Amino acid sequence: MTAEHPLPSVVTDPAVTAALAADLTAAGFTVEGVDALWGADAAAALHRGNRIAAVRGARDRVTAETLPRYVIAGLFVLGLRQGLRSVQEALPTVGVDALVRCGLVRVEDAVVDPRALEDRSDPLRIASLTEPFVVPQVDLRPYAFVDDLGAGSWWILSDLGEVALGHAISEEHVLGIGGATTTLSGLQVPVPVRRVLDLGTGCGIQAMHARRFADEVVATDISERALDIARFNAQLNGIDGIDLRLGSLFEPVAGERFDRIVSNPPFVITPRAEGVPSYEYRDGGMVGDALVETVLRGLAEHLEPGGTAQLLGNWEYHWGVDGLDRVRSWFAEGDRTGDGLDAWVVEREREDPYAYAETWIRDGGTKPGTATYDRLVAAWLDDFAARRVTGVGFGYVVARRPAGGAASLRRFERVPEALGSNPAGLGATVARVLDAASWLAGHDDDALASAHLRVAGDVTEERYYWPGNDDPTVMTLVQGGGLGRRVDADTALAAFVGACDGELSVAAIIGAIAQITGADESALTADLLPRARDLVLDGLLLPA
């Protein structure tokens, strides 16, 4: 917002949210309904920040039946002012006055430009020029998802983005739905628990997802505006049981423990220099990746025995020091809070300092080619150079406080390939990996040899042959879901996995392969048992 129109306070009124929900439902304000207004191509263009395609597509498609939805979407999704009468007719139950009181819109007098009236192609635009018009103060759009409880849909309020504002966003900006949002919501373990902590809730979306599997959710944020918006979203969608608390990191929950912690913390690495904007939704106010380190080191103190954590984060690569090794040190044995935590860290991508700076400067709405953009790039690169940063990794962190005994999972890996098919997200995969780690910890080699395993239903095998050869030159086990892992297999491993149908023990299968191939059974056992452990942990083999 400009100084003339600062960010308004968002006020939650049960009567207003109930009336607004009724109007949005009546208008068919759903993901499918909104996309249908302007078509698939225009929807894709809008996702890229081009709203002109949506404006034109909707103008050509609008009917009397879809007109209310057209007005609402134009106002809150495209960020365009609409005529007062049109908005009143599209939202008759809640009314414009109530939306003004709650900080969702403002009303301005018309400023008529006679030349604009010559264009008769858009009757709504003409109306907005000749009568008072309604200006959006927030973004409000439908959101659809699928989790282990089935399909669901909500409406999510957040702050207007750069496209709607026409300029850089405010440092108090509250972010809406993005790629990181859906990634983290999909990582949440779909297992019922008593208490969940959403650390840095923002617009409240992760708390709302967590509430589907929890009796109670505590959601914290350093921004009062974020908490106001989270409160509005919960009430608009009829979700109770979310306790909103103001404060930094774990301060609002000192001394409390939870069965699950989820967090998309403000992990963006930002120079602590004068003139560099510090956006509350992404910048934690610490140097480098210190905020992520602080959060990870604080997990054990706030997890119940058996409790899990799922987070997103950045970590720096320093000259001569691997980024994942730095994260591993935050879970190091002997650390006051990290000791004993199971840890699984997956790095999904890595950016060099130049690309990282460009990504987050553009994210704030500063455009390339401007003096401000060049100044900010220089500040980022100076900061990285001073701390000898050579790159920044991004990925997922899963942790668990064991219910008893020592940590059984310490895995730090890079998985840059495409994921498998996961319509409901990776939450079920996270739960399965944690269960597999516990199962493997309780099975030494003798116990594993006596176990019965079966191939997971999403595993297939690829074989490649040289022309004219009967024997394959390459064999690969392919996981259809989860992380979509591809495991190179030799003849022995392929035969072993192919025989895992739950009927024979691991030892019996290895013995049979040794007898058929003439291999030494002891040597074959020593070769296959560790590989079987990896396949169980990865989910390609399951305990029968």
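This is a predicted model: local features need pLDDT of at least 70, side-chain atom pairs count only at pLDDT 80 or more; totals for chains, interfaces and linings use all residues.
The chain comprises 544 residues, of which 51% count as buried. Its secondary structure consists of 22 helices and 19 strands. Taken along the principal axes, the C-alpha atoms fill a box of roughly 95 × 50 × 45 Å. Among contacts between residues at least 6 apart in sequence, 71% join residues at least 24 apart.

Helix α1 covers residues 14-26, a run of 13 residues. At the start of α1, a side-chain oxygen of Asp13 comes to within 2.9 Å of the backbone nitrogen of Ala15. Just after the helix, Gly28 adopts a positive phi of about 70°.

The buried residues of α1 are Val16, Thr17, Ala19, Leu20, Ala21, Asp23 and Leu24. An α-helix has 3.6 residues a turn, so residues three or four places apart point the same way. The buried residues of α1 pack against helices α5 (67-76), α6 (84-90), α7 (96-101) and α12 (224-236). They also pack against the strands β4 (139-147) and β5 (150-158).

The largest nonpolar core contains 94 residues. Within this core, the residues that touch the most other members are Leu296, Leu299, Phe331, Trp380, Leu493 and Phe496. When neighbours within four places in sequence are left aside, Leu299 is in contact with Phe250, Ile261, Ala309, Leu311, Leu341 and Ala399.

A search of the whole structure identifies eight aromatic pairs. One of these joins Phe145 and Trp154 in a tilted arrangement, with 4.4 Å from centre to centre and 45° between the planes. Phe145 and Trp154 are both buried. Ring pairs also bring Tyr143 into a cluster with Phe145 and Trp154.

Arginine side chains are placed over aromatic rings as well. Arg81 lies over the face of Phe133, at 4.0 Å from the ring centre. The charged end of Arg350 sits over the ring of Tyr317, 3.7 Å from the centre of that ring.

Definitions and conventions
Residues are numbered from 1 along each chain as its sequence is written. Side-chain values use heavy atoms; hydrogens and water are left out. Helices (H or I, at least four residues) and strands (E, at least two) are DSSP runs, numbered from the N terminus. The expected span of a helix is 1.5 Å times one less than its number of residues. Buried means under 20% relative accessible area, exposed over 50%, partly exposed in between (1.4 Å probe, protein chains only). Contact means heavy atoms within 4.5 Å. A polar contact is a pair of N or O atoms within 3.5 Å; within protein, one must be able to donate a hydrogen and the other to accept it, and residues adjacent in sequence count only if both atoms are side-chain atoms. A nonpolar core is a set of buried Ala, Val, Leu, Ile, Met, Phe, Trp, Tyr and Cys residues joined through side-chain atoms within 4.5 Å. Rings of Phe, Tyr and Trp (its six-membered ring) pair if their centres lie within 6.5 Å; planes under 30 degrees apart count as stacked, over 60 as edge-to-face and the rest as tilted. A charge sits over a ring if NZ of Lys or CZ of Arg is within 6 Å of the ring centre and within 35 degrees of the ring normal.
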